[in-house]
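Dear colleague,

I am passing on the structure shown below, and I would be glad if you kept it open while you read.

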Amino acid sequence: MDLGVQDHVYVVTGASRGLGLATATVLAQEGARVLMCARDEASLQAAAEGLGAGDRVMALPGDLADTSLGERLAAAAVGRWGRLDGCLVSVGGPPAGQTLALDDNAWRAGFESVFLGALRIARAMTAVFGDEGGSLAFVLSTSVKAPIDGLAVSNGLRPGLGMLAKTMADELGPRNIRVNGLMPGRIDTDRIKELDGDGAKGRKVREEWEKKIPLRRYGTPEEFGRIAAFVLSPAASFLTGAMVPVDGGMLRAL
């Protein structure tokens with residue numbers, strides 16, 4: 001299938017590794033121009049060089065907690081390529097912890113990055129989408145629909161961001177701007193490896209999770225990236241307001 005992204009321009013946050021990098025890779029391979037963003041400048045530059053950099057890939061380091069980042073990313077994309085067609089808003093996972101064990105600072109930091117940071121990026125992107133519209137996709141989690149043990153901050157904030165995406169789909173639809181959410185399950189990223197733990201304990205945790213997944217395995221970042229690129233692309237032109245699970249069938253809810 002031709003995704004229709006040739007020479008289209010996309011911003012991808014969290015793009016130095018994992019789900020963001022996998023999505024940026026697919027978009028670039030399909031002929032899109034990609035502005036990659038992540039906090040770690042060295043890792044980001046290495047990732048961009050891995051995709052060829054040059055005229056089609058650009059790196060701009062930044063933290064979603066920076067209130068000016070969205071405007072800087074939008075301006076950089078339009079300044080370099082003269083247009084902006086879409087954005088993958090990928091936010092790093094907040095610290096693990098039980099609800100009552102986390103203090104106010106942990107909750108504020110989570111809200112600032114996971115919720116408000118994502119909203120700022122979306123606001124800046126949609127402000128510069130052209131007459132043809134555009135596409136936003138938020139990287140959320142299966143915690144939008146079902147809580148995950150030990151991830152209280154994510155469980156509290158991701159469902160709200162999912163409903164915000166649904167609301168934005170209603171509000172921005174008349175401008176031909178599509179807004180969707182992606183709900184990754186157990187994808188084999190550094191974040192999931194960190195949550196699972198090391199050694200024998202980590203292997204046991206993974207085995208227990210795999211028993212809950214109908215496909216009996218973790219997904220790969222590449223599998224997520226292909227779905228994310230499709231959702232962002234003109235090939236998904238009638239898809240908006242959807243929460244798309246990328247979880248191997250793990251979620252038990254419809």
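**What was found**

Glu208 is partly exposed, with a relative accessible area of 32%, where buried means under 20% relative accessible area, exposed over 50% and partly exposed in between, using a 1.4 Å probe and protein chains only. Before going further, please note that this is a predicted model, in which local features need pLDDT of at least 70 and side-chain atom pairs count only at pLDDT 80 or more, while totals for chains, interfaces and linings use all residues. Residues are numbered from 1 along each chain as its sequence is written, and side-chain values use heavy atoms, with hydrogens and water left out.

Glu208 has a salt-bridge partner in Lys211, with the closest N and O atoms 3.1 Å apart; a salt bridge here is a side-chain nitrogen of Lys or Arg within 4 Å of a carboxyl oxygen of Asp or Glu. Lys211 counts as exposed, at 53% relative accessibility. The two residues, Glu208 and Lys211, are 3 residues apart in helix α7 (residues 199-212), which means that about one helical turn separates them; helices are DSSP runs of H or I with at least four residues, strands are runs of E with at least two, and both are numbered from the N terminus. An α-helix has 3.6 residues a turn, so residues three or four places apart point the same way.

The structure holds 14 salt bridges. One of them joins the side chains of Asp190 and Arg17, at 3.2 Å from N to O. Because Asp190 lies in helix α6 and Arg17 in the loop between β1 (9-13) and α1, this pair ties together parts that are 173 residues apart in sequence. Asp190 is partly exposed at 44% relative accessibility, whereas Arg17 is exposed at 52%.

Helix α3 (residues 69-81) has 13 residues and spans 18 Å from its first C-alpha to its last, close to the 18 Å expected at 1.5 Å a residue, the expected span being 1.5 Å times one less than the number of residues. Its buried residues are Leu69, Gly70, Leu73, Ala74, Ala76, Ala77 and Trp81. Seen down the axis of α3, these fall within an arc of 160°, so they line one face of the helix; the arc is that of the directions from the helix axis to the C-beta atoms.

On a 1 Å grid over the protein atoms alone, with a 1.4 Å probe, a pocket is an open set of points with protein on both sides within 12 Å along at least five of seven lines, and lining residues have an atom within 4 Å of a point. The largest pocket is lined by 48 residues, and Arg17, Val91, Gly92, Gly93 and Arg191 lie nearest its centre. Helix α6 gives the most to this lining, with 6 residues. The second largest pocket has a volume of about 280 Å³, and its lining includes Trp209 and Lys212.

With best wishes

Terms used: Grid points are joined across faces, edges and corners, and a volume is the space filled by probe spheres set on the points.
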